[in-house]
Every structure is written in structure tokens, then in C-alpha cells.
Amino acid sequence: MTGEHKLEIISSDQVAMGVFRIVFQSAELAYESKPGQFLMVDCNIGQGSNESVFLRRPLAVHRVDVEKEQISILFQVVGKGTLALSKATAGDLIDVIGPLGRPIEIDSSVENIVFVSGGLGIASLTSLIDVAVGRNLKVTLLAGARNSYRLYPSQLLPRGVTEMTATDDGSAGIRAPVTHLVSQVQEKTDIIYACGPLPMLKALSEMAVDGTLTVNTIGLLESQMACGLGICKGCVVDTDLGDKLICLDGPAFDLREIRWESQFSPV
Amino acid sequence: MILDDFSKLDLKIGSLDLANPVLPASGCFGPELGQFTKVSSLGAIVPKTIFLHPRKGNPSPRTAEAPYGMLNSVGIPSKGLEDFLENKIQDYLSMGPPLIVSIGGLNVSDYWDLAEHLNEISHVKAIEINVSCPNIEEGGLEIGSNPKNLAKLVDGVVNRFSKPVITKLTPNVTSITDIAVAAESSGSTAVSLINTLAAIGINPNGKILTTGIGKAGLSGPAIKPIALKMVWEVNKHISIPIIGMGGIENTKDALEFILAGASAISIGTANFTRPNTMLEIIDGLESYAVENNLNNIQDIRGEIG
């Protein structure tokens, strides 16, 4: 069940530029973690760090391997928490609280499914992609990144995923925001799940509101969180249904319901 | 050591009987914590501050890392008194320990109205006045930053609420002692201190502040020495009980606050990172009292050199 766990690191590697993957051994979390869920990770590893990281960091359960009883996280080094985590190695113990957040269930009527990933959005989407592929759905991934070095490696995706890419510099796929690919695939799509930077999600929201995007689009939101448990009220999102917390009510939200104008001041 | 019977920890704050001196700090506790720690063992239950009417908090981002602590600009969102009584109070009451309701307001009459309403509810055993709210009548300054305004506020609450009243002091003042004295002389049963320290964070990539509205409150172990000093100072000038808080993470920290003069202590930010902290401290204080042959942990209160 959801709780505090000390997990042993099985492996840690860099899968793209500045993007790290850590695999943990944990039967409990492998059985309990569902797509959409996340962990609050204590980034203070071992005794060697000279600068402590005070708050835990919310990181999505990237993938689950029930057979091996392993789970993984995927993160980019963006600050001192992720920097400390990137230095963890096999054998280190990491303290996590989880799994947290509301699991995402793909409706049984869905046959064609599209995932839109901007940057590290893929970290949260992959476990859902694995479920979709396992169910033999037609899966398309639209992956965007700054450049080809930062894209999640295609060979790590499960077989059967059709991937289209977009980069800011054109080093892979089209040279445009990843949202430009949506129009090419939406006709045959039952639902879209998107995760990435706020401007990307906002662009999809606007497309949904102005009618360019007609498919039901679910955004997986991310936020700074102090607790991840619903207590600190840090990860608020303003929606048509009132204020919601990403940690308790999310991370999945219908993008049409988000009120961007009163929300998410730029960081 | 796990002790089931914390016989050396009980205390009284006015007419309020507490099984032990370890409380959650308002804003850092909710029913969600129940899945991680034994909330029935706490000294009291203190929910997030409620306002008379619903109010939105600040835009996100609302929290940020700081050295040995965190910044928050949550802005005390509240669904109001009615929602609290209809949808939330039962969860808190079912936890067992006495319920202390933290109240906030944007003007004096909001606090007074809340006090009057809550006085009628027998399950509410005490109230804590959160005076770190912007006072609209005074140009947005914290209502607790002026001894005269605070005395008027507390006096009005005490006249409308016949059970213990705890005034939670803001550290963002020239002299917290003057404010504590004002709280005592206007009828406060106890004071709690400190609330968060006013602070900001700046993103090195630009000029934009770390949190949604810029202005934030700093909490966590970074503020512990300041909080300790304020408790120590205030204790020399008042005789009502002090609930000490500010960066307490473990039994050692809790003992320091008791030595500085606190009768009880509250845990705030640590609940976010280590949800079982309060229980560990209750265990730790009982062990300390047993090992040092104290009749009660209160025996060392204020026993600073």
C-alpha cells in the first residue's frame, strides 16, 4: 500500500542528454503502482552529499516490470535535487513515499490512442504506453524535444508504437513544436494523453477550445510539491470544477477544463 | 522504544487537557496524513486555518526549495466555515484528540464571527487565532503586527469564545515580545510561535520570483534558531503557556524548545517530508522523561542555563 519505502537501486544510467533512469527493486511498488502515479523521492543519497536537499521531489513512476518486481523513474537534471539523484548508483538506498496520485485507466472502448510528449513528458507517459501496447491498441507517440540528443531513445519504447518526432532545431523529425503533429493523427484517434511543459499543454488546450483539436485530450500535469499527499496545497490547478490538487485529483486533467488565465505564473 | 502509555507527557493549556505536548502546525496537517502516521496519538488536532467565507489561495507555483527549508506562498485557501462544518470537521473529530480550530480573517469582524459560531460547537475544544493574515482595513499589513490591533482582535475573540484561545504570533515584527504581552493581557490562554518568516526566492535564470506571488513564508530547520530565540525571549515576559514551533524535525529539536520555555511544540514542514515525525517525537519525549527520572516532561520547561 501507499507508504514510505526504502528502495534499493538496481541500476542507474543516462539514456539521453542529461536524462537519467533509475531502476529500483520493489515487489510492493511493482504490484501497486499504476500509470499516472508518482513517488515523492528523497534526493539525499548516502552520506556523501555536502548540500542537503530539503524537499522530496515528485517523480512519475516511469515503468513497471511486474515480472522482475522492479519500477523505474526517469528525470532530467534541472536543479540540486535531480543533480543529487543523478549521482546515485546501484546498491544505494533511496527513500520514497508512494505510489501517489490517481491512477489513469484507459477506457475499454479506446482502440486508437495518441500520446504527446514534450521533453521529459515521456517519463509519465511510458507506463501508460506499455499498458496500451499490452492491450494491443494502435499506439502513436508524438515526441518533441529541443534536439535529437534529448529525445527518449526509440529502442526503449515497446514494440508496436508508431513514433513521430519534432525538435526545436530540426535535428530529428520536423522542426516545429510537437503540437504541430497532432493534426496529422487526430482523425483516427479516440483519445490523446499529453505530458510536457506548460506551454505545450496550453497550446493543446487552446486547440481543444478553438475546435482544431476535436479529440478528448487528457493532460498529465506536473508541479512543484512539498508533500505530494494533499496537505501542503502547493500543486493547485484552477479548473472549471474549482481548485484541484495535482497530487490528489491528478495528475490527469481534461485540458479543456483548465483555466490557464488565472493559473501557472511563469517560472 | 515504543511506548503505549505516554504517562509523563500530559499537560493542560487552560482548561484544555492534552495527552502529550506534540501537535501538528496548522496548514501542515490533514486527514491524508492518517495513512502514514497514527494521528490518534497526537496531543491535539489542528486543521488548516479556516476563514468565514470561501477564499482562493495564490496562483501556483506555491512552494519552492530553500536552504534547509521551504518557501510557500499558498495564501491560505479556505472553503469557508460552512464547508468546514459540513464536510471536514467529522474527519478531524474521528481522529480522537481534542480539536483546535485555527481561524483567519481579512478584518476583525471575520474573526469575531468565527469565534461566535465555533463557541456553539462543543467538539471544538479551543481556537487558534492566525494573525498572519493581511488586514484589508490596515492596507494589507499582517493583523498581528501591531500590539494595539492584536489586543482588540484577541479581546473580541475571547469575549465570544468561552474555551481556550491560542494566539499564533507572526515573527515579522520589530518586537514579538510586545505582541505576546498584548495577547496575554487581552485574555489569550496561550500563544503559539512562530509562524513563517517573510521571505522571497529569486530564480537565477531571470528576475522572476520562485513562488506565484513573489512574497512567501520560510519554514523548516533554517528558521529553528530564530524560533528558539523568540520562544526564549517571549517566555521571559509572559506567564501563559507557549506552543513553540519552527523547524522542529526530531526529539532533540523538541527538547530544545521545551528548554527555551515552550509547554508544547508543533510540527509543520517536517510533516511534508517525514510524515511520521510527530509520532517519533512523542516516543522520544516519553523515553527522555523516563530515562531522566522526570515526573513529567514539563519539569524541564524553561530550564535553560
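Asn293(B) is placed in the segment after H8 of chain B, helices and strands being DSSP runs (H or I of at least four residues for helices, E of at least two for strands) numbered from the N terminus. The model is a predicted one, in which local features need pLDDT of at least 70 and side-chain atom pairs count only at pLDDT 80 or more, while totals for chains, interfaces and linings use all residues. Residues are numbered from 1 along each chain as its sequence is written, chains are lettered from A and ligands numbered from 1 in the order in which they are written, and side-chain values use heavy atoms, with hydrogens and water left out.

The phi angle of Asn293(B) is near 55°, a positive value in a residue other than glycine. With a relative accessible area of 70%, Asn293(B) is exposed (over 50%; buried is under 20% and partly exposed lies in between, with a 1.4 Å probe and protein chains only). H8(B) is mostly covered, with 11 of its 15 residues buried; among them are Met278(B), Leu279(B), Ile281(B), Ile282(B) and Leu285(B). The buried residues of H8(B) pack against strand E3 (22-24), helix H6 (251-260), strand E15 (264-267) and helix H7 (270-273) of chain B, contact meaning heavy atoms within 4.5 Å.

Chain B as a whole comprises 8 helices and 15 strands. Its radius of gyration is 18 Å, close to the 19 Å that the globule rule gives for 305 residues, so chain B is as compact as a globular protein of that length; the radius is taken over C-alpha atoms, and the rule is 2.2 Å times the number of residues to the power 0.38. Buried residues account for 59% of the 305 residues. Of the contacts in chain B between residues at least 6 apart in sequence, 70% join residues at least 24 apart. A cis peptide bond with omega of about 0° links Ser60(B) to Pro61(B), and Pro61(B) is located in the loop between E3 and strand E4 (63-66).

Chain A contains 6 helices and 16 strands. A compact globule of 267 residues would have a radius of gyration near 18 Å, and the 18 Å of chain A agrees with this. Of these 267 residues, 57% count as buried. Contacts between residues at least 6 apart in sequence join residues at least 24 apart in 64% of cases in chain A.

Within chain A, Leu85(A) belongs to helix H2 (residues 80-86) and counts as buried because its relative accessibility is 0%. Beyond its neighbours within four places in sequence, Leu85(A) is in contact with Ile22(A), Val41(A), Cys43(A), Ile45(A), Leu59(A), Ile73(A), Phe75(A) and Ile94(A). The C-alpha atoms of Leu85(A) and Asn44(A) are separated by 7.5 Å, although the two residues are 41 apart along the chain.

Asn136(A) is a residue other than glycine with a positive phi, near 65°. Asn136(A) occupies the loop between helix H3 (122-134) and strand E9 (138-145) of chain A and counts as exposed at 72% relative accessibility. Gly250(A) and Pro251(A) are joined by a cis peptide bond with omega of about 15°, Pro251(A) being in the loop between helix H6 (246-249) and strand E16 (252-254) of chain A.
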